[in-house]
Amino acid sequence: MGWCSGTTVRCASRHDRHRILVTGGAGFIGSHYVRTLLGPHGPAGVQVIVLDKLTYVGDPANLGPVRAHPGFSFVQGDICDTAVVNLLVAEHDQIVHFAAESHVDRSIMDAAEFVRTDVGGTQVLLDAALRHHADGRGVFVHISTDEVYGSIAHGSWPETHPVSPNSPYAASKASADVIALSYHRTHSLDVRVTRCSNNYGRQHFPEKLILLLITRLLQGRTVPLYGDGLNVREWLHIDDHVQGIELVRTKGRPGEVYNIGGGTELTNKELTALLLEACGAGWESVEYVTDRKGHDRRYSVDYAKITQELGYRPRKDFATGLAETVSWYRENRDWWEPLQQRAEPGAAQR
Ligand code: NAD
Ligand code: TDX
């Protein structure tokens, strides 16, 4: 493994197997993707390099299981750093781009880093891909979100629905999406965009709803529910999301957007009831707090396209996935307790 920072990149020798640059690979979804690619059921011979700035949320421990894998390298660096990005993109034929500022509440408090990383960083990567992959050998998978569509009262968004983001986070992701797609339309770059629903699973930084609730309830603390608790989210297990991304990377079509859904819709109140039960707590542990500004009421993606075209099917039953997630947090306090200091000052309503 190469563990480097800045521009001192150790590169393995060239060969004909795929060499994949994974940005944001020390985060929740990116690290699960890398562990899956390099795990026993991953594609043979793949070489992966992670580029991650290690912000407050990035954690090298998430990559512990693959640290010694011969196909793995890591570079600590910023996707906005043109020199580092160019060096890495030149050596890799595929890019799976997860790196982003990703927490809505933080974007409401200060949007600057969201625009810099999510929009500016994506553009730096796209320009590097244009420079080095113009011969058509590259694939650029841009990981986006259902939030770019806005909020929907009934039904589900197909990929053809126009983007109409509300939060600064969603707006930064939507901007990155349309810029990425413009590089396909203008330059024929092989860009593929995925838009998934809310993910859950192990090793998720404890600032988003499910993990915040589990970790606080396991400590016997109260949990904050925004507004009336009736906002609806669609939950997607991390294993299913990774399955969907791999289908898009290996079989997707250039210039296409693919929604990836999990199929389980719940109000935040319904989800809280399940977590209270799983953690052995009651409703006295719940505090209704001031609503998030501009709080999107409901997200729902129509994922028929990836199902029909690429054979995607969410496999993880929600009750099983949630029980496994609660167990993981129960058994891995050493992982999340040190992160709480970094997680909780960011939340607006606490
Ligand atoms: P995360 O916040 O857990 O991880 C993001 C990673 O990116 C971190 O390791 C961080 O250090 C890194 N990073 C941030 N800024 C960087 C920069 N300038 N240069 C290099 N690295 C940088 O996020 P996640 O939940 O794993 O989400 C991954 C992607 O999936 C994001 O693009 C997000 O918008 C998208 N997404 C997430 C969800 C979800 O429910 N978590 C849902 C839909 C879409
Ligand atoms: O303490 C809380 N109390 C609460 O009621 C938190 C953190 C959230 N909520 C509510 C707000 C939302 O209705 O729970 C719901 C989920 O909130 P988040 O976990 O912050 O997720 P969301 O705003 O839906 O955005 C997520 O899904 C899309 C991810 O954070 C994004 O990265 C992803 O793109």
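The centres of domain 1 and domain 2, taken over C-alpha atoms, lie 25 Å apart in this predicted model. The domain assignment, which is automatic or drawn from a database, gives domain 1 as 19–199 + 237–260 and domain 2 as 200–234 + 264–296 + 315–343. Across the two, 26 residues of domain 1 are in contact with 22 residues of domain 2, contact meaning heavy atoms within 4.5 Å.

Residues are numbered from 1 along each chain as its sequence is written, and chains are lettered from A and ligands numbered from 1 in the order in which they are written. Because the model is predicted, local features need pLDDT of at least 70 and side-chain atom pairs count only at pLDDT 80 or more, whereas totals for chains, interfaces and linings use all residues; side-chain values use heavy atoms, with hydrogens and water left out.

**Confidence**

The average pLDDT of the chain is 93, and 94% of the residues score at least 70; pLDDT is the predictor's confidence in each residue, from 0 to 100. Residues 1–16 stay under 50 and have 34 contacts beyond four places in sequence in the model. Residues 346–350 also stay under 50, with 13 such contacts. Where pLDDT is low, the predicted coordinates should not be read in detail.

**Helix packing**

Helices (H or I, at least four residues) are DSSP runs numbered from the N terminus. Axes are lines fitted to C-alpha atoms over the stretch in contact, and angles run from 0 to 180 degrees between N-to-C directions.

| Helix pair | Angle | Axis distance |
|---|---|---|
| H8 (residues 268–279) and H10 (residues 318–331) | about 50 degrees | 11 Å |
| H6 (residues 209–218) and H10 | about 50 degrees | 10 Å |
| H2 (residues 82–90) and H4 (residues 112–132) | roughly 40 degrees | within 9 Å |

Angles under 35 degrees count as roughly parallel, over 145 as roughly antiparallel, 65 to 115 as roughly perpendicular and the rest as oblique. H8 and H10 are therefore oblique to each other. H8 passes H10 in a right-handed crossing, a crossing being right-handed if the near helix is turned clockwise from the far one by less than a right angle, and left-handed if anticlockwise. In this contact, H8 contributes Leu271, Leu274, Leu275, Ala278 and Cys279, and H10 contributes Phe318, Leu322, Val326 and Arg330. By class, eight of these residues are nonpolar, none polar and one charged. Here Ala, Val, Leu, Ile, Met, Phe, Trp, Tyr, Cys and Pro count as nonpolar, Asp, Glu, Lys and Arg as charged, and the others, Gly among them, as polar.

H6 and H10 are likewise oblique, and their crossing is right-handed. Ile210, Leu211, Ile214, Thr215 and Leu218 of H6 meet Leu322, Thr325, Val326, Tyr329 and Arg330 of H10. Seven nonpolar, two polar and one charged residues make up the contact of H6 with H10.

For H2 and H4, the orientation is oblique and the crossing right-handed. Thr82, Val85, Asn86, Val89 and Ala90 of H2 meet Val124, Leu125, Ala128, Ala129, Arg131 and His132 of H4. The contact of H2 with H4 comprises seven nonpolar, three polar and one charged residues.

Key. Helices (H or I, at least four residues) and strands (E, at least two) are DSSP runs, numbered from the N terminus.
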